[in-house]
Amino acid sequence: MASTVNEAFEEFLRDSVRLDPNTTKTARASRDNLIDNIIAFSGDSDFFNVYDSMNLLFGSFARRTKIRPLDDIDLMICLSATSEDQRRSYFEMSGCVFINGVGFDAKNSLLTSTGHLNSTKVINRLINKLSSLSDYSKAEMHKNKEAATLQLRSYPWNFDIVPCFYTDTGFYLIPDGYGNWKKTDPRIDNDRITSVNQKHKGKLLDVIRLMKYWNNRRVTLRMDSYLLECMILSVYEGKSPQDNYWVDLEFRDLLNALSSKIYNDVPDPKGYQGNLNNFSSTDRLKIALALKGAYLKAKEAADLELTGKDQKASIQKWAEVFGSAFPKYTE
């Protein structure tokens, strides 16, 4: 219950959108414990040496843009390129990356018929090792075949674990879902959101979270979370910082900005994936119309508060944008 729009948004963010602080604390401890367990496999006769200083936390949980419920946590486990004094090398051909196997890989049946390290077999080997841990109920291949998914016994979230190699040219190689490898560097995403959020005085994260909440209501075709973040960051990279930020007004204006931006291709900021916006022109139009419709309701809600001085009517209009979880007005 709230008597002002500001109170309503703070209650909504606290109780329905942001992750609960205790959940976040528990999840981080659980994640760190898992990483320690995987590092303990390092050097086993049937497992790789772990290059633990290059392990990487990535995804929306690491970037602090995750919203309720916490369902998955992403991490990259970096494997050493050196094994038994032999060093793996890689090469690229036709946009695909291949890693030349070494003796360890041959002995552990991890190679393709052409002698290259098979990323699917590497994931399966990780799954096999994870299955021995007592704190987890099931380890299996992620549906995209680029990671191992680990389900916990005590908590509702899963871990998506990506085995990777760090290259001497400064990027990571991860499974491509087809047995080979591809380039990436999520540190670019991590640094980008930190930089843009700091530019806007730390006020951007809640705007992203609100947009993700609206997107998850499925009032239109759902946009991929990473695509949505990239579009939002491109909007705020082009905006000047302000003296004052009001999350409801920022969200209103962002709806309008995205209703135009969704028509355009969205380049991968890391430079590896190409265009991230795979929606057809017809689907882009559907999403744009939904964003514009939400913007018009948000604009009406803001006008009711700022011009009409009607907190109750404004809160009720915002509930049309966000649904029944948005707080009710109370005197």
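**Close-up views of a helix pair and of salt bridges**

D105 is buried, with a relative accessible area of 0% (buried is under 20%, exposed over 50% and partly exposed in between, with a 1.4 Å probe and protein chains only). The model is predicted, with local features needing pLDDT of at least 70 and side-chain atom pairs pLDDT 80 or more, while totals for chains, interfaces and linings use all residues. Residues are numbered from 1 along each chain as its sequence is written, and side-chain values use heavy atoms, without hydrogens and water.

**View 1. The salt bridge of R88 and D105.** The side chains of R88 and D105 meet in a salt bridge at 2.7 Å, N to O (a side-chain nitrogen of Lys or Arg within 4 Å of a carboxyl oxygen of Asp or Glu). R88 lies in the loop between β4 (86-87) and β5 (89-93) and D105 in helix α4 (residues 103-107), so the pair ties together parts 17 residues apart in sequence (helices are DSSP runs of H or I with at least four residues, strands runs of E with at least two, numbered from the N terminus). R88 is likewise buried, at 7% relative accessible area.

**View 2. The salt bridge of K299 and D303.** In the bridge between K299 and D303, the closest N and O atoms are 3.2 Å apart. Both residues lie in helix α10 (residues 281-306), four residues apart, about one turn of the helix. K299 is partly exposed at 34% relative accessibility, and D303 is partly exposed at 32%.

**View 3. The salt bridge of K317 and E300.** The side chains of K317 and E300 meet at 3.5 Å, N to O, in a salt bridge. K317 is buried, with a relative accessible area of 13%, whereas E300 is partly exposed at 38%.
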